[in-house]
Amino acid sequence: MCRGLLQHCCWSCCYVGGFGSYLFGLSKKTYEQAGVDTDGNAPGSTKEFGIGWVTAFLSVSSFVGLLALVPLRKIMILDYKLTYPSGTATAVLINGFHTPKGDKMAKKQVRGFAKYFSFSFLWALFQWFYSGGEKCGFSQFPTFGLKAWKNSFYFDFSMTYIGAGMICSHLVNLSLLFGAILSWGIMWPLMKGLKGHWYPGSLPESSMKSLNGYKVFVSIALILGDGLYHFLKILYFTGSSMYAKATNKKLKTFPDDSIQAFDDHRRNEVFLRDGIPIWVAVIGYIFFSIVSIVVIPIMFPEVKWYYIVVAYTLAPSLSFCNAYGAGLTDMNMAYNYGKVALFVLAAMAGKNDGVVAGLVGCGLIKSIVSISSDLMHDFKTGHLTLTSPRSMLLGQAIGTAIGCIVAPVTFYMFYKAFDLANPDGEYKVPYAIIYRNMAILGVEGFSALPQHCLQLCYGFFSFAIVANLLRDLTPKKFGKWIPLPMAMAVPFLVGAYFAIDMCVGSLIVFVWHYLNRQRAELMIPAVASGLICGEGLWILPSSILALAKRKRA
């Protein structure tokens, strides 16, 4: 419960609130940067920051996100056994503090956690001293040569991702590497050679009409294909189960191990015993959706009520896709789903209202999808720590309520104290202009995307469906080698370095199991958690140093 309070007060509402991206994209300064004469950048398509409307907007969108996936929590945590590395790491930390002192195994785990926690924290501190700029230091070390480094193939010494790689399965990490090789090793270098043919050579690669358009939309196609397949699969099994129950037939919906460890059985019992009624989630989702349909068009006349109906109808399936991917890779891709909503709603609204409708729709979807994924991380923590799911949901709800007040007030102080969105100033807010330009592009429709982008999206969407079908229909000894499309999609956009970090973690696990399997099974969760938490804690002092304008070496 405390984790839910702290997470939403200090981070989640700030992240999904879009204070440095889509929300600030509505400001007059961003409108002027985008060009007052630009087609689609309609005059009057602005709204200045205000504590009142921002608090209301965050409230209606965030609470919907808390309820979107509650009915699927058993499937995600128990049936699919998704790892949710951050949630697992938090659980290991909590269990280490509450284990009886006489337990020798627990002592070893706590010592291992403390040792690698300290190492990770001190390593992050060491890296800070030798990072003088954006592309400087160990995080940008050209491990495999300069040419590979330019295509994001390098080891960036991230203890967080190494730890996550130790928790994730070998298949997930190898799927990440396969996606990195396919995208940054083959596709993107080839497409750079097509500059001037497939997309305008005068545009920077970061433009959605340039190479970045391929990166974003191909990644989204893989994610949507994989997520949609599993969503429909769950609907099929759920419908079959309901039919079997109605006709008094026995049907096994998901694979289940008849032999189960006592600890796992106990965790599952607690997780299911203190359940959350489905009707509570459904009625709550409908209630907050109705509130949003009434309130948001009042705040933004450009956003028609039926746009919100469409967004909230699609939100549960998109939330499932993101939560499933986060369970595999620990990567929250909510911003990608927000971009989908941005383009669709901007295109639906047209030239005059498209920019505002797209940015607001992006915020709605991003908020719902992100908070749903965070809640699943907390449910995973609750499952491993024998914590009531109801208390986790209540903690998230209280934290969301506080965060919806604290985050806007905090940003308002920053907004008044500094000159934001000034291209020549210290706080340029670059993502605000990026999101507004994407909305302007969305007004023109998908035809404005670079050549053959949609055809590539169709191909990769189909690949995701076929890969999952082969995994389910072929014998297990062959199906287990088929890569996971959801994991493949992450490096398409993020870069290959992330996959290399994860594979280093997987290599450590493989070697450790080979040398001493029993000790590896005991210590890997604690060591991985220490690596993740140590570097994560460094974020706090590094942020304070940044605010104090302390320069690095």
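A residue is called buried when its relative accessible area is under 20%, exposed when it is over 50%, and partly exposed in between, with a 1.4 Å probe and protein chains only. The structure described here is a predicted model, in which local features need pLDDT of at least 70 and side-chain atom pairs count only at pLDDT 80 or more, while totals for chains, interfaces and linings use all residues. Residues are numbered from 1 along each chain as its sequence is written, and side-chain values use heavy atoms, leaving out hydrogens and water.

The protein has 21 helices and 0 strands; helices (H or I, at least four residues) and strands (E, at least two) are DSSP runs numbered from the N terminus. Of its 553 residues, 51% count as buried. Contact means heavy atoms within 4.5 Å. Among contacts between residues at least 6 apart in sequence, 79% join residues at least 24 apart.

A nonpolar core is a set of buried Ala, Val, Leu, Ile, Met, Phe, Trp, Tyr and Cys residues joined through side-chain atoms within 4.5 Å. The largest such core holds 139 residues, of which Met 76, Trp 188, Ile 296 and Phe 300 touch the most other members. Helix H14 (residues 334-384) gives the most to this core, with 21 residues. Leaving aside residues up to four places away in sequence, Phe 300 touches Leu 26, Lys 47, Trp 53, Phe 57, Val 356 and Val 360.

Charged side chains form 3 salt bridges in the whole structure, a salt bridge being a side-chain nitrogen of Lys or Arg within 4 Å of a carboxyl oxygen of Asp or Glu. One of them joins Lys 74 and Asp 79 at 3.2 Å, N to O. Lys 74 is partly exposed, with a relative accessible area of 35%, whereas Asp 79 counts as buried at 19%. Another joins Glu 269 and Arg 266 at 3.7 Å, N to O. These two residues are about one helical turn apart because they lie 3 residues from each other in helix H11 (residues 262-273). Glu 269, at 38% relative accessibility, is partly exposed, and Arg 266, at 33%, is partly exposed.

Asp 226, in helix H10 (residues 211-246), is buried yet has no salt bridge. The nearest side chain of opposite charge, Arg 471, is 7.2 Å away; here Lys and Arg count as positive and Asp and Glu as negative, while His and the chain ends are not counted. Beyond residues up to four places away in sequence, Asp 226 touches Tyr 324, Ala 464, Asn 468, Pro 485 and Met 486.
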